[in-house]
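Morning, everyone. I'll take you through one structure today, starting with how its parts meet. Please have the viewer open.

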There are 2 protein chains.
Amino acid sequence: MPASAGPTVASPREAPEDTPVPLAGGSHGPHALHPLLDTTLDALAQGAATRAGPFPAGGPEAVTARLRALAAPALPETGTGAHEALHTLVSALAEGAADPAHPHCAAHLHCPPLALAAAADLAAASLNPSLDSWDQAPAATALETLTTRALAALAYPGRPSADALVTTGGTESNQLALLLAREAAREAAGEAAGEAAGEAAGEAGEAAKEQAEGRAPAPLRVVCGANAHHSIHRAAWLLGLPAPLTLPTPTGVLDPATLRTALTELTATGAPTLVIATAGTTDTGRIDPLPAVAELCRTHGARLHADASYGGPLLFSDTLRPALDGLDQAHTIAIDLHKLGWQPVAAGLLAVPDTTALTPLAHHAEYLNAPDDTRAGLPDLLGRSLRTTRRPDILKIAVTLRALGRRGIGDLVERVCTAAQHLADLIEAHPSFDLHARPTLSTVLFRPTGTDDRTTAALRRTLLHHGHAVLGRTTTPEGLWLKATLLNPHTTPDDLRTLLTLVEGQVRR
Amino acid sequence: MPASAGPTVASPREAPEDTPVPLAGGSHGPHALHPLLDTTLDALAQGAATRAGPFPAGGPEAVTARLRALAAPALPETGTGAHEALHTLVSALAEGAADPAHPHCAAHLHCPPLALAAAADLAAASLNPSLDSWDQAPAATALETLTTRALAALAYPGRPSADALVTTGGTESNQLALLLAREAAREAAGEAAGEAAGEAAGEAGEAAKEQAEGRAPAPLRVVCGANAHHSIHRAAWLLGLPAPLTLPTPTGVLDPATLRTALTELTATGAPTLVIATAGTTDTGRIDPLPAVAELCRTHGARLHADASYGGPLLFSDTLRPALDGLDQAHTIAIDLHKLGWQPVAAGLLAVPDTTALTPLAHHAEYLNAPDDTRAGLPDLLGRSLRTTRRPDILKIAVTLRALGRRGIGDLVERVCTAAQHLADLIEAHPSFDLHARPTLSTVLFRPTGTDDRTTAALRRTLLHHGHAVLGRTTTPEGLWLKATLLNPHTTPDDLRTLLTLVEGQVRR
């Protein structure tokens, strides 16, 4: 690898601004990328060595000051050249990174990506296909179709028309699920109004029908547990829907009796209803009772969205898949492969049992899907996303699925779930820690015995400040807990013992 | 570079599914990435050589069949190993790519990314910081703050509190602009209702105030030209707003007289109004008369959003910047650096003149921005996006700004605008082609003399089918045109002459 002060893009005789800087694509692209990637890898290694742990020490002010000292000014009048810029900023970012590949970085659903997925993502960035029209992404379109169908078949076994959209993550998937439910409710209201008007006015009743349709239908009501992701509430706000009805979940999961009462009251008002179930909550990793929730939705004519952003990849594992029984009863399912799935952000999915469920997203823009082009056989992509320009996140996913196979990915999922059980064992056996509950997925809540919430919160911040460990936090009816979200399949029992020792060390100070 | 059949991740003694596959991060990541990147570059080169042009030949069915033959099954039971999967799928994607680095791929606002930006993006994928909480992205947070402030200062000179959000592109930026306007209108209506109630009921009027606030305020009305991007209409639908009032733009830009009439009528109804101006339309690259539009908005108390997704980067150029005079009068500005900016998708921005304008996006999730953490100084990032998990697209942008400087980027912008003028010259001098108009940015509309719309549309598809050239299409009052959107700064006059010869060759058949 070249030294950090490698050659700049410009030759010595030319100022950078007068030199065509090389492109990533074309036949010359790979050649141009090679030395730049060497610089990038060198900078990543140097940054990781300087950090020497899971997290940069010193707290926000110190980390920000260090980054600014290296990176300012962000927009100089004249450039420093490609190698200098890459080395300076990539090493600064690496030095100041929370590194999920370190076993003591375990706060969030923030996974360490596989090297092969990151390498594939480079190809996506270099070729830069955009999935808003076929003539910008011919092979990428076909790869996305093939791969999303295979993933949808995993979520909806036995449904040959199952389909999935690629999203920026669970938040966008949840937003789309609410949008599809909103539009389904509008359509149902329009049909009902049309039928009523038609009955009243017979064949000549177009005006009456329009008038009936003009009446604002009851807006969609979203019902979720207190354990649901915050993005459900944000999506309702975005879409102009009433705030979700939030049911208490003191045990961490939806209680069917509570849901039954709520649905009985709501459906009596005639409001179209969408129930949100969570398969793998952010706070504890628990899974709502999917079969019972699905049965209640059927009985009450409610739609069901399953937010399996975290737990969905249990589908890859023969041993863990049964925990998701009932998932395929949902009208929509969110699954993130940048959580359990080891993809770089973003790698979200929204699966549906039948591709026709996506019809409300159909959209037309003359320059992208002109009717005569569509009739001539050019695939129409605009209904596959609310975005227009869209990066082919499917490539890294497809490379990972092919490289590891279903079993290989299932094995990684099992590894992190096993690590969580092991951490729970260590905590239960430890005299100074309390375990909240046995883990369902790979999330473990614990805290020092006899501590108060304020001390627990401060302990987490102290670990961050020293750069020793990155742990999350969760509040349950029993108070505040430290949260370890284990997403690193290479984490060993020794790593977990050391993690507890680090926490204990801070408690004793 | 290793041959395509390089070693797989698994050692010969271990099956792939039993082997921990290497991660991209940590101290070992760069070492693990190195051979995988070699395979990726090898596959990119092989795919480009097989394609041997701007676009794969054969049309959708042939391209899709070829991809499926190479890539199916998308989810095998057992994996093929990292190198086989990378080489197979990356070369298939490259072979079937529309390559914007080829000078004859010029249909859309789909740029060829710079090699240095793609290399930087690899670091983002490898480190995988997520910009939804500081403890997932300490240095990335600081880099984003520094860089977005510098870009916002370019859009809003002399406004020290100018700020910008990073988005997935113009579509999300436009959506956020409508959302901010919707919320500003709600707040204004709430305050007005509160004041009215307060006046009526005095100090004890809380109930009356709430009642007055409970009255549904007039919804935001969006006013745009027929030249505005389709995402304006989609955003209004998404947000539950009435369909935009669309003003005719027969000349390709907003007519101030037409806008004045519309605003006079609308503001008489008391409806809060958002006007959309476009700086660089998708169809022709023209720029709405920003100073006149801004003046009308001020006079009528309307808000102004400028969609400068395409034209915004003229700000980098000393010679071209004056075309954007008046831009800084907008309440929000969309700018895409994956158009003129040469970034891999995604690299969108939404700039505002003051960071307080982003307040409506404030959002709370206990596990990401607990109040005591925020009080303790941990930066709160949730109000910077509607996404939760969020890739640091700022890294590639920051590396590009530093490497090239303002002048270096301005030079690239000038190059493609000069190329467009040159193509227009060639068309004007050509006996067989008509030019629609002199280009404003880098978009040139032309067509064979005396052709009808159907023939022009078929000609475009024929060029695609043969893999000869990728041109876009635009309909104006004069009918259908071929559209060349020149975004490759390396395109030469010879490339442009050859492009016209290719088109002419199809006309003569």
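**Across the chain interface**

Start with a count: chain B and chain A share 72 residue pairs in polar contact, with both residues at pLDDT 80 or more. Keep in mind that this is a predicted model.

Which element gives chain B the largest share of the side that touches chain A? Helix H13 of chain B, residues 394–429, with 15 residues. By class, that side of chain B splits into 92 nonpolar, 43 polar and 32 charged residues.

Next, extent. Chain B puts 167 residues into the contact, and chain A puts in 166. An interface is often sized by the accessible area lost when the parts come together. Here the buried area is about 14,100 Å², and carbon and sulfur atoms give 66% of that. Which residues of chain B lose the most area to chain A? They are B:Arg234, B:Tyr367 and B:Arg402. Together, that trio makes up 6% of what the chain B side buries.

Now the charges. Side chains of opposite charge can pair when their charged atoms come close. The rule finds 22 salt bridges across the interface of chain B and chain A. Over all chains, the count comes to 60. Two examples to click on. One is A:Asp372 with B:Arg473, at 2.9 Å from N to O. The other is A:Arg461 with B:Asp373, where the closest N and O atoms are 2.7 Å apart. A:Arg461 sits in helix H14 of chain A, residues 453–466, and B:Asp373 sits in helix H12 of chain B, residues 371–375, so this pair joins two chains.

**Symmetry**

How are the copies arranged? Chain B superposes on chain A by a rotation of 180° with 0.0 Å of shift along the axis, and the RMSD is 0.0 Å. The two copies are therefore related as by a two-fold rotation axis. The same surface serves both copies, with 99% of the contact residues of chain B recurring in chain A. To find the axis on screen, go to B:Leu239. Its C-alpha is at 2.4 Å, and of the residues of chain B it comes closest to the axis.

**Inside chain A**

On to domains. The assignment for chain A gives domain 1 as 38–70 plus 86–97, domain 2 as 129–198 plus 214–390, and domain 3 as 405–508. Take domains 1 and 3 of chain A. Their C-alpha centres lie 26 Å apart. The contact involves 6 residues of domain 1 and 7 residues of domain 3. These two domains bury about 460 Å² between them, with 66% on carbon and sulfur atoms. On the domain 1 side, A:Pro54, A:Phe55 and A:Gly58 supply 77% of the area buried against domain 3, more than any other three residues.

What about polar links between these two domains? The rule finds 0 salt bridges and 1 residue pair in polar contact. The domain 1 side that touches domain 3 has 4 nonpolar, 2 polar and no charged residues.

**Backbone points to check**

Last topic. Most residues other than glycine have a negative phi, and most peptide bonds are trans. A:Ala52 has a positive phi of about 55°. It lies in the loop between helix H1 (29–51) and H2 of chain A. The bond from A:Ala72 to A:Pro73 is cis, with omega near -5°. A:Pro73 is in the loop between helix H2 (59–71) and helix H3 (82–95) of chain A. The bond from A:Val345 to A:Ala346 is also cis, with omega near 5°. A:Ala346 is in the loop between strand S7 (332–336) and strand S8 (348–352) of chain A.

Technical notes: Residues numbered from 1 in each chain as written. Chains lettered and ligands numbered in written order. Predicted model: local features only at pLDDT ≥ 70, side-chain atom pairs only at ≥ 80, totals over all residues. Heavy atoms only, no water. Least-squares fit on C-alpha atoms with pLDDT ≥ 70 in both. Contact = heavy atoms within 4.5 Å. Buried area = accessible area lost by both parts, 1.4 Å probe. Salt bridge = Lys/Arg side-chain N within 4 Å of Asp/Glu carboxyl O. Polar contact = N/O pair within 3.5 Å; in protein donor to acceptor, adjacent residues only side chain to side chain. Helix = DSSP H or I, 4+ residues; strand = E, 2+ residues; numbered from the N terminus. Nonpolar A, V, L, I, M, F, W, Y, C, P; charged D, E, K, R; others polar. Domains from an automatic or database assignment.
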